[in-house]
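I opened my notebook to look up a few things in this structure. Here is what I wrote down as I went along.

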Amino acid sequence: MTNFTKLRLEVARVSGEPGRMLIMRNQAAIGMNNNYWPCLSRLLIMGDPWLVEYINPHYIEALDSPPAAAMLCLYYNRITGSRPKVSSWKVAKQRNTEGDRQQYDA
């Protein structure tokens with residue numbers, strides 16, 4: 001099991017806690033270096049778009065510009081061996097706002 005898979009499982013567990021509203025980057029329960037959270041949170045949402053309900057990234061040009069988002073897609077593929085379900089957290093947020101959660105199950 002990769003460290004990324006372990007992180008995905010831990011974030012899914014934490015997000016399932018009753019009353020959980022947001023997962024902040026300083027959550028001790030996740031047990032990670034806060035400096036990695038901006039990038040890792042985006043990768044997590046790319047694989048599990050429903051997490052956008054619990055993770056609220058803010059625009060960072062170095063991670064969210066079109067070339068950066070394309071690079072994150074490549075990183076996701078390299079880390080997991082599969083394509084992300086969404087191309088960015090902004091796409092996940094847009095679909096979530098539109099109530100289009102069925103597309104996440106693909």
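**Entry 1: what "buried" means.** Before anything else I needed a cut-off: a residue is buried when its relative accessible area is under 20%. With that in hand I looked up Ser-88, which has a relative accessible area of 12% and is therefore buried. I also noted that I'm working with a predicted model.

**Entry 2: more on Ser-88.** Where does Ser-88 sit? I found Ser-88 in the loop between helix 4 and helix 5. Its side chain has a polar atom 3.3 Å from the backbone nitrogen of Lys-90. I then checked Ser-88 against Arg-42: they are 46 residues apart along the chain, yet their C-alpha atoms are separated by 6.9 Å.

**Entry 3: stepping back to the whole chain.** I counted helices and strands and got 5 helices and 0 strands. Read along the sequence, that gives me the pattern α-α-α-α-α. The chain has 106 residues, and buried ones make up 36% of them. I also looked at contacts between residues at least 6 apart in sequence: 54% of these join residues at least 24 apart.

**Entry 4: helix 1.** This helix has 13 residues. From its first C-alpha to its last it reaches 18 Å, close to the 18 Å expected at 1.5 Å a residue. Which residues of helix 1 are buried? My list reads Phe-4, Leu-7, Val-11, Val-14 and Ser-15. They cover an arc of only 95° around the axis, so they sit on the same side of helix 1. I wanted to know what covers them, and the answer includes helix 2 and helix 4.

**Entry 5: two residues of helix 1.** I picked Val-14, in helix 1, and Val-14 counts as buried because its relative accessibility is 0%. Val-14 and Ile-30 are 16 residues apart in sequence, and I get 7.7 Å between their C-alpha atoms.

Next came Ser-15, which also lies in helix 1. Is Ser-15 buried or exposed? Its relative accessible area is 4%, so Ser-15 is buried. A polar atom of the Ser-15 side chain lies 2.9 Å from the backbone oxygen of Ala-12. Leaving out residues up to four places away in sequence, I wrote down that Ser-15 touches Arg-20, Ile-23, Trp-50, Leu-51 and Tyr-54.

**Entry 6: aromatic pairs.** How many aromatic pairs does the structure hold? I found 2. Phe-4 and Tyr-76 make an edge-to-face pair, with 6.2 Å centre to centre and 90° between the planes. Phe-4 is in helix 1 and Tyr-76 is in helix 4, so this pair ties together parts that are 72 residues apart in sequence. I checked burial for each partner. Phe-4 counts as buried at 8% relative accessibility, and Tyr-76 counts as buried at 4%.

Trp-50 and Tyr-54 form an aromatic pair too, edge-to-face, at 6.2 Å centre to centre and 80° between the planes. Trp-50 counts as partly exposed, with 26% relative accessibility. Tyr-54, at 19%, counts as buried. I remembered both names from the Ser-15 entry, where Trp-50 and Tyr-54 are among the residues that Ser-15 touches.

**Entry 7: helix 2.** I went through helix 2 residue by residue. Of its 11 residues, 10 are buried, so helix 2 is largely enclosed by the rest of the structure. The buried ones are Trp-37, Pro-38, Leu-40, Ser-41, Arg-42, Leu-43, Leu-44, Ile-45, Met-46 and Gly-47.

**Entry 8: the core.** Last, I looked at the largest nonpolar core, which has 21 residues. Which of its members touch the most other members? They are Val-11, Ile-23, Leu-43, Leu-44, Ile-45 and Ile-55. Helix 1, helix 2, helix 4 and helix 5 each give two or more residues to this core. Helix 2 gives the most, with 6 residues.

I took a final look at Ile-45. Not counting residues up to four places away in sequence, Ile-45 touches Leu-51, Val-52, Ile-55, Pro-57, Val-86, Trp-89 and Ala-92.

Conventions: Residues are numbered from 1 along each chain as its sequence is written. This is a predicted model: local features need pLDDT of at least 70, side-chain atom pairs count only at pLDDT 80 or more; totals for chains, interfaces and linings use all residues. Side-chain values use heavy atoms; hydrogens and water are left out. A nonpolar core is a set of buried Ala, Val, Leu, Ile, Met, Phe, Trp, Tyr and Cys residues joined through side-chain atoms within 4.5 Å. Buried means under 20% relative accessible area, exposed over 50%, partly exposed in between (1.4 Å probe, protein chains only). Helices (H or I, at least four residues) and strands (E, at least two) are DSSP runs, numbered from the N terminus. Contact means heavy atoms within 4.5 Å. A polar contact is a pair of N or O atoms within 3.5 Å; within protein, one must be able to donate a hydrogen and the other to accept it, and residues adjacent in sequence count only if both atoms are side-chain atoms. Rings of Phe, Tyr and Trp (its six-membered ring) pair if their centres lie within 6.5 Å; planes under 30 degrees apart count as stacked, over 60 as edge-to-face and the rest as tilted. The expected span of a helix is 1.5 Å times one less than its number of residues. The arc is that of the directions from the helix axis to the C-beta atoms.
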